[in-house]
Amino acid sequence: MPVLIAPSILAADFAAFGEECRAVEGAGADWIHVDVMDGHFVPNLTFGPATVKAIRPHVRGLLDVHLMIAPVDPFVTAFAEAGADILTAHVEAGPHIHRTLQTIRDAGMRPGVALNPGTPVEAVAPVIDLVDLVCVMTVNPGFGGQRFLDVSPKIAALRAMIGDRPIHIEVDGGIDASTAPGAARAGADVLVAGSAVFRGGSARMPEVYAANITAIRQAAEGVWT
Ligand code: DX5
Ligand code: ZN
């Protein structure tokens with residue numbers, strides 16, 4: 001089964017997002033993953049719609065925007081106007097995830113729902129028909145470079161819940177060539193990776209990004225051969 005690799009620009013050079021996105025796409029990235037943090041839902045701050053708008057012309061593929069913010073709804077229109085393709089909200093971000101996902105779809109984007117490691121997979125069952133993607137966090141969100149948490153049983157249960165619906169299962173946090181195979185075997189088909197993609201490279205040394213992406217992809221896809 002082919003997997004999609006979505007590098008998180010949280011691990012890129014913040015002074016050069018445009019070049020970094022072009023380099024990592026040239027190196028084989030499928031999507032660009034954008035981690036939006038508000039210092040409230042998670043204990044860290046990153047960036048918002050203005051940054052998404054700034055990088056949009058530098059990205060040919062899908063912009064996969066992961067909101068670690070609460071509330072979500074007041075910002076949905078701004079992310080649509082900025083050019084986000086996929087907009088993912090956390091199921092833990094508020095009492096009205098159903099409305100949030102409808103709002104994202106109505107704004108013309110593909111809705112995703114994310115689950116923290118401590119949240120059971122049943123939390124997304126009532127909204128599964130509203131989403132194009134479920135993001136299973138394999139770290140507690142807020143920071144790049146954390147140790148992978150093995151939640152394979154949750155991924156497998158989610159795969160069973162999804163059945164033959166065309167919904168992606170994305171894993172996010174601590175993904176590298178050693179942890180990707182377990183996630184893929186359990187049923188994930190989109191792998192977010194920050195540190196493991198950007199480590200050792202730069203926009204001027206994109207061959208390192210290419211080697212890093214290939215290593216993760218081959219490790220994950222090797223599960224099926
Ligand atoms: C964590 C973010 C992740 C993170 C992944 O809050 O949602 O996307 O940047 O980074 P690594 O791959 O370094 O764990
Ligand atoms: Zn993320």
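1. Which strand does Met137 lie in? Met137 belongs to strand β6, which covers residues 133–137. The model discussed in this note is predicted, and the points below start from this residue before turning to the protein overall.

2. Met137 has a relative accessible area of 2%. Buried means under 20% relative accessible area, so Met137 counts as buried. If neighbours within four places in sequence are set aside, the residues in contact with Met137 are His66, His90, Leu115, Asn116, Pro117, Val151 and Asp172. Glu20, by comparison, is 117 residues from Met137 in sequence, and their C-alpha atoms are 24 Å apart in space.

3. Next, the overall make-up. The protein contains eight helices and eight strands. A compact globule of 225 residues would have a radius of gyration near 17 Å, and the 16 Å found for this protein agrees with that. Along the principal axes, the C-alpha atoms fill a box of roughly 45 × 40 × 30 Å.

4. How much of the protein is buried? Of its 225 residues, 52% are buried. The accessible surface is about 9300 Å², and carbon and sulfur atoms account for 55% of this surface. On contacts, take those between residues at least 6 apart in sequence: 65% of them join residues at least 24 apart.

5. Helix α1 spans residues 17–26. Is this helix largely enclosed or largely open? Seven of its 10 residues are buried, so α1 is largely enclosed by the rest of the structure. The buried residues are Phe17, Gly18, Glu20, Cys21, Ala23, Val24 and Glu25.

6. What do the buried residues of α1 pack against? Their partners include two strands, β1 (4–7) and β2. The helices α2 (49–55), α7 and α8 (206–221) are also packed against them. After α1 comes Gly28, which has a positive phi, near 110 degrees.

7. One peptide bond deserves a separate point. The bond from Ala70 to Pro71 is cis, and its omega is near 0 degrees. Where does Pro71 lie? Pro71 is in the loop that runs between β3 and α3 (76–82).

8. The largest pocket holds about 340 Å³ of space. Its lining is made up of 26 residues, and those closest to the centre are Gly144, Gly145, Gly173, Gly174 and Gly194. The elements giving two or more residues to this lining are β2 (31–37), β3 (62–68), β8 (190–193) and α7 (195–198). By class, the lining of the largest pocket has 12 nonpolar, 10 polar and four charged residues.

9. The second largest pocket holds about 150 Å³ of space. Which residues are closest to its centre? Of the 14 lining residues, these are Val72, Asp73, Ala93, Gly94 and Thr100. Strand β4 (86–90) and helix α4 (97–106) each supply at least two residues of the lining. The lining of this second pocket divides into nine nonpolar, four polar and one charged residues.

Terms used: Residues numbered from 1 in each chain as written. Chains lettered and ligands numbered in written order. Predicted model: local features only at pLDDT ≥ 70, side-chain atom pairs only at ≥ 80, totals over all residues. Heavy atoms only, no water. 1 Å grid on protein atoms, 1.4 Å probe; cavity = no way out; pocket = protein on both sides within 12 Å on 5 of 7 lines; lining within 4 Å. Points joined across faces, edges and corners; volume = space filled by probe spheres on them. Helix = DSSP H or I, 4+ residues; strand = E, 2+ residues; numbered from the N terminus. Nonpolar A, V, L, I, M, F, W, Y, C, P; charged D, E, K, R; others polar. Rg over C-alpha atoms; globule rule 2.2 N^0.38 Å. Buried < 20%, exposed > 50% of the residue type's maximum accessible area, 1.4 Å probe, protein only. Contact = heavy atoms within 4.5 Å. Areas by Shrake-Rupley, 256 points an atom, 1.4 Å probe, with all protein chains shown as cover.
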